[in-house]
Amino acid sequence: MTKSISKRKFDVVIIGAGGSGMRASLQLARAGLNVAVLSKVFPTRSHTVAAQGGIGASLGNMNEDNWHYHFYDTVKGSDWLGDQDAIEFMCREAPKVVYDLEHMGMPFDRNPDGTIYQRPFGGHTANYGEKAVERACAAADRTGHAMLHTLYQQNVKARTAFFVEWMALDLIRDADGDVVGVTALEMETGEMHILHAKTTMLATGGAGRIFAASTNAFINTGDGLGMAARAGLALEDMEFWQFHPTGVAGAGVLLTEGCRGEGAILVNSNGERFMERYAPTLKDLAPRDFVSRCMDQEIKEGRGCGPNKDYVLLKLDHLGAETIMKRLPSVHEIGVNFANVDVTREAIPVVPTIHYQMGGIPTNIHGQVVTQQGDNHNAQVQGLYAVGECSCVSVHGANRLGTNSLLDLLVFGRAAGNHIVEFNNKNKAHKDLPADAADRTLARLARLDNATDGEYAQDVANDIRATMQKHASVFRTQAMLDQGVSAIAAIRERVGHINLKDKSKVFNTARIEALEVENLIEAAQATIVSAAARRESRGAHSVADYGDTPEHPNGRNDTDWHKHTLWYSEGSRLSYKPVQMKPLTVESVPLKVRTF
């Protein structure tokens with residue numbers, strides 16, 4: 001190990017300053033721990049800021065609600081691939097974490113009696129699917145923005161140390177397999193550092209930028225997934241990617257589900273509210289995977305809108321300008337800026353757009369990363385935690401329920417923070433760094449810096465995105481997926497030959513882009529290989545070859561495929577683990593056909 005490399009020591013290093021990272025860091029800083037939070041961008045520019053609709057919690061401020069209903073909706077929304085113990089934990093904790101935010105000063109919308117305003121959302125019901133219920137705790141349509149600023153202000157008050165414009169590169173594991181820190185790049189100087197920690201937490205968000213059309217920020221390149229994969233750890237259920245029904249056609253910018261929660265409707269070229277045909281009970285507020293497939297079917301059957309009949313319309317004008325400007329001001333702004341549409345007067349073109357990664361780094365309810373050792377699927381990786389979209393607890397299963405993303409960040413960010421505080425109280429000393437702590441990272445950087453042939457990083461990244469968009473979109477076929485496996489494997493070979501110097505004069509920028517591509521390829525290959533292996537349709541993984549039959553309603557095969565996928569980078573190999581059907585305190589929700 002080169003002696004000139006800077007080394008710093010912390011109790012905890014958190015990689016990512018979005019909702020989950022900052023909720024955890026707040027818990028830790030308040031407990032007096034020495035915490036470093038690394039972020040590629042200023043904390044309030046993390047992608048959580050783009051979340052619009054709300055935080056799911058059964059407060060019951062508008063109508064009768066309780067966590068049992070929320071639990072049922074989440075299990076059903078996951079198409080029975082979510083682990084019911086983790087789902088119960090999340091739903092029971094939900095009101096607590098919302099009230100925590102309220103006490104921190106988050107500016108929730110209010111009812112006349114002063115309670116937090118809640119709106120309906122897709123898949124949220126009362127009495128186990130009987131009728132829609134208002135469960136989304138909202139701050140207009142800027143809930144993520146309000147949440148992120150609230151958490152940042154509280155972290156500043158608690159004196160959390162932020163390392164802004166730093167990129168984590170590789171986990172450092174010792175001879176026991178424990179994680180003892182990370183290597184990281186200071187983006188301004190290009191210098192590499194070793195951050196030595198008792199505990200390391202990945203809170204890097206999703207990898208939505210592996211697709212060409214995405215609601216995700218450009219920073220969402222799957223950095224935590226890449227770090228975990230290179231360290232020999234599994235990625236779980238990566239075949240499941242949520243397509244949000246209402247991305248602005250041609251732009252991909254998200255229009256919150258809160259639009260439909262407030263009463264907006266989807267219409268086809270005939271002016272028909274078509275969701276009434278597909279989901280008679282929940283209509284436009286059916287879960288996202290279901291609505292996305294219905295929209296796609298309308299377009300495929302010739303009822304799309306526009307000159308190319310390639311989108312449908314989201315109609316809000318009947319809500320009235322006053323309601324739109326009070327409850328959905330950002331949607332009005334997005335309509336003007338990205339579609340040249342005034343939503344108070346006319347409908348806006350929308351198409352399903354990649355939005356959320358249901359899979360990720362496997363963890364338990366404390367945020368501890370778990371790995372497979374023989375038949376034990378819950379062996380903990382000491383010193384390593386993961387929270388937020390980069391993790392897979394699994395509470396989202398095959399399809400995430402709207403508003404459960406912000407809830408996931410808060411519940412498991414807080415739970416991981418509490419667990420790490422206990423760990424640090426018992427473990428006062430750091431484990432030693434191994435002699436080869438920086439070797440892998442130094443080799444990666446040297447290869448990039450010394451390359452004299454090969455391709456420009458963004459050309460390779462664009463080919464990854466185009467390939468994933470073509471082979472792993474809303475509707476899939478087995479042949480498309482199999483072809484995608486070969487295509488991504490070929491692109492992986494090209495990633496190993498990226499050249500910084502031929503087409504870029506801005507050295508550090510090109511270097512960071514190349515390092516991000518090394519993370520993108522891990523997420524893309526995990527996705528396509530896992531998807532090609534899963535021979536059924538479930539949730540967001542809809543494969544035309546596996547359609548509705550009496551033996552397998554909706555194409556779901558519980559006999560052979562009611563299990564989680566585990567993908568390993570080495571050899572691009574797969575293994576599987578059972579879905580946890582046993583909740584913590586209540587009866588499990590038994591498998592049944594998913595209808596709305």
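The model is predicted: local features require pLDDT of at least 70, side-chain atom pairs count only at pLDDT 80 or more, and totals for chains, interfaces and linings use all residues. Residues are numbered from 1 along each chain as its sequence is written, and side-chain values use heavy atoms, with hydrogens and water left out.

- Helices (DSSP runs of H or I, at least four residues) and strands (DSSP runs of E, at least two) are numbered from the N terminus.
- Two strands are said to pair if DSSP finds at least two bridges between them.
- Three strands form an open sheet in the order S3-S5-S4, and their pairing is antiparallel.
- Strand S3 (55–56) and strand S4 (118–126) each have a single partner strand and stand at the edges, so one side of each is left without a neighbour in the sheet.
- Two bridges join S3 to strand S5 (residues 131–137) in the antiparallel sense.
- Ile 55 has Cys 137 of S5 as its bridge partner.

- S10 pairs with S21 in the antiparallel sense over two bridges, and Leu 235 has Trp 567 in S21 as its bridge partner.
- Strand S21 (residues 563–568) pairs with S22 in the antiparallel sense over six bridges.
- Across that pairing, Tyr 568 stands opposite Arg 573 in S22, and Leu 566 has Ser 575 in S22 as its bridge partner.
- The hairpin of S21 and S22 has four residues between the strands, and Gly 571 there takes a positive phi near 75°.
- S21 is mostly covered, with five of its six residues buried; buried means under 20% relative accessible area, exposed over 50%, and partly exposed in between (1.4 Å probe, protein chains only).

- Helix H12 (residues 439–450) has 12 residues and should span 16 Å at 1.5 Å a residue; its end C-alpha atoms are 16 Å apart, which agrees.
- The expected span is 1.5 Å times one less than the number of residues in the helix.
- In H12, the residues Thr 441, Arg 444, Leu 445, Leu 448 and Asp 449 are buried.
- These residues cover an arc of only 125° around the axis, which puts them on the same side of H12; the arc is that of the directions from the helix axis to the C-beta atoms.
- Gly 258 lies in helix H6 (residues 258–261) and is buried, with a relative accessible area of 0%.
- A separation of 26 Å lies between the C-alpha atoms of Gly 258 and Ile 210, which are 48 residues apart along the chain.

**Cysteines**

- The structure holds zero disulfides, a disulfide being a pair of cysteine sulfur atoms within 2.5 Å.
- Cys 305 is in no disulfide, and the nearest cysteine sulfur, that of Cys 294, is 15 Å away.
- Cys 305 is buried, with a relative accessible area of 7%.
- For Cys 392, the closest cysteine sulfur is that of Cys 390, at 11 Å, too far for a bond.
- Cys 392 is buried as well, with a relative accessible area of 2%.

**Cavities and pockets**

- On a 1 Å grid over the protein atoms alone, a cavity is a set of points where a 1.4 Å probe fits but cannot get out, while a pocket is an open set with protein on both sides within 12 Å along at least five of seven lines; lining residues have an atom within 4 Å of a point.
- Grid points are joined across faces, edges and corners, and a volume is the space filled by probe spheres set on the points.
- The count comes to three cavities of 30 Å³ or more, and the largest cavity holds about 60 Å³ of space.
- Residues lining the largest cavity include Tyr 72, Asp 73, Thr 125, Leu 282 and Phe 596.
- Helix H2 (67–77) and S4 are the elements that give two or more residues to the lining of the largest cavity; the largest share, four residues, comes from H2.
- The second largest pocket has a volume of about 510 Å³.
- Its lining has 25 residues, of which Phe 290, Arg 293, Ser 542, Asp 548 and Asn 554 lie nearest the centre of the pocket.
- Helix H8 (288–300) and strand S20 (542–543) each supply at least two residues of the lining of the second largest pocket, and H8 gives the largest share, four residues.
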